[in-house]
Amino acid sequence: MYSFIRILKGNKILKILIHMDTTKHYKNRFEDYSTSVGHNIIRNDTNMIHDEFKSLLSSEINKLIEILKKNERNWINSNDYSVYTGQAGIAYTLYHYGKYFNDSVYINMATEILQKCATEFKSKHKLTFLTGVVGPLALTAVLLQSQQKKEEAEQFILKLKSLSTYVLDKSTGISDELLYGRAGYLASLLYVNTNIAPAPIETDLVEKVASHIINSGISYALSNHSQSPLMYSWHDKEYIGAAHGLAGILYLLLQARLYLTQAQIDNYIKPSLYYLKKLQFSSGNFLSSVGSPSDRLVQWCHGAPGMSALFCLAYKVFEDSTFLEIAIQCGEVIWERGLLKKGYSICHGVAGNGYAFIHLFQQTKDIKYLYRACKFAEWCFHYGLHQNRSPDRPFSLFEGLAGVIYFLLDVQQPHSAKFPTYDI
């Protein structure tokens, strides 16, 4: 792309044509996997990370956690209590760190922060895991339950369930997408039931929320003559990706499949996946919204990384090799164009893109993908060096440092790793 700039020379204005770099990624100069290249990163005999690289990961994680702690004043006094950009997300990372290194200091710190977030988060209109009060409520309940504080946990679960009245009210105008809508509320219900036994949230409630999302998608698709049996709109656009679009909604519905009827799965979810397949570019990437011709965004919230997770899960559920092929094609474009100039975050940065390789490794057991995840982790060792702007919330889970720490912790345990709050 080219642009003109004007400069003053003497008493004349000169118009000069210059080349503008509009690429959103750095050229990936890492060698792809081979036995010789990956010998000190991956152990071929065990499909595990080599102890040498694991030690390096631990060292870098500890450096970054110290930076997070040193900057505590900058985030602990914020009135943002969300999982996405606020204190709750940072607390979730501290909990993840404490669990991995068996350090009760971090677990206790996380519990204290989360209780404050769940108590002081006032808005009832943000009813999602990532941006709303239900995220802190769900996380706090699980942490308290794990510490045998069952009665306290129950109080947070009751608050979480009480918000369902608003979520299920058709007149409230709530969207259905993950970041701000009903899919985000569904994620919180699934998270609690997955992590507390016996599951404390009634089957009937989860079924109602999931069915409401499906019925909303059917209604919109019919009235707007969509080619997909399920379609949704957010801010007057039919988004496709994980954060605001069809992919994120389908991903949560697939994870809630035990609460769905076979007809809902066969007649609406599966054919909607085939509809998404048609929207894949030849590059392997996906458009951000229906009708968009742009093949530029390769990040979890819009593009191939979020899609890779969806189609890996679809393959696991339906055992249709077409879905795995789509996920693998996503992996190729992420390897080529996933080292983003935007930065390192899990929402729209390198760490989030690295999770796509973890998903592919978990599904295929191909150590090439574990190696690729490690190389994206290695890129994150130089946190802050390769980015064209600083994030607005530099210490947060989804936009900043906490998310990078979370990803590096997960790379150490790739068989059980989960994209935070998205993989339930």
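**Exercise 1. Find which helix gives the largest share of the lining of the largest pocket, and describe that pocket.**

Solution. In this predicted model, the largest share of the lining of the largest pocket comes from H12, which contributes four residues. As for volume, the largest pocket holds about 570 Å³ of space. Its lining consists of 21 residues, and those closest to the pocket centre are Gln255, Arg257, Leu313, Lys316 and Ile424. Sorted by class, the lining of the largest pocket has 10 nonpolar, seven polar and four charged residues.

**Exercise 2. Work out how H15 and H16 pack, and which classes of residue make their contact.**

Solution. Two packed helices are described by the angle between their axes and the distance between the axes. For helix H15 (residues 367-380) and H16, the angle is about 145° and the axes lie 10 Å apart. The handedness of the crossing of H15 and H16 is left-handed. From H15 the contact draws on Ala373, Cys374, Phe376, Ala377 and Cys380, while H16 brings Val404, Phe407, Leu408 and Val411. Counting by class, the residues of the contact of H15 with H16 are nine nonpolar, with no polar and no charged residue.

**Exercise 3. Locate a cis peptide bond and a positive phi in the backbone.**

Solution. Most residues other than glycine have a negative phi, and most peptide bonds are trans. The bond from Ala197 to Pro198, however, is cis, with omega near -5°, and Pro198 sits in the loop between H8 and helix H9 (203-223). Glu319, although it is not a glycine, has a positive phi of about 55°, and Glu319 belongs to the loop between H12 and helix H13 (321-337).

**Exercise 4. Judge the confidence of the prediction along the chain.**

Solution. Start with the average, a pLDDT of 93 for the protein chain, with 94% of the residues scoring at least 70. Then turn to residues 1-21, where the pLDDT is below 50, and where the model shows 29 contacts beyond near neighbours in sequence.

Note on methods:
Residues are numbered from 1 along each chain as its sequence is written. This is a predicted model: local features need pLDDT of at least 70, side-chain atom pairs count only at pLDDT 80 or more; totals for chains, interfaces and linings use all residues. Side-chain values use heavy atoms; hydrogens and water are left out. On a 1 Å grid over the protein atoms alone, a cavity is a set of points where a 1.4 Å probe fits but cannot get out, and a pocket is an open set with protein on both sides within 12 Å along at least five of seven lines; lining residues have an atom within 4 Å of a point. Grid points are joined across faces, edges and corners, and a volume is the space filled by probe spheres set on the points. Helices (H or I, at least four residues) and strands (E, at least two) are DSSP runs, numbered from the N terminus. Ala, Val, Leu, Ile, Met, Phe, Trp, Tyr, Cys and Pro count as nonpolar, Asp, Glu, Lys and Arg as charged, and the others, Gly among them, as polar. Axes are lines fitted to C-alpha atoms, for helices over the stretch in contact, and angles run from 0 to 180 degrees between N-to-C directions. A crossing is left-handed if the near helix is turned anticlockwise from the far one by less than a right angle, and right-handed if clockwise. Contact means heavy atoms within 4.5 Å. pLDDT is the predictor's confidence in each residue, from 0 to 100.
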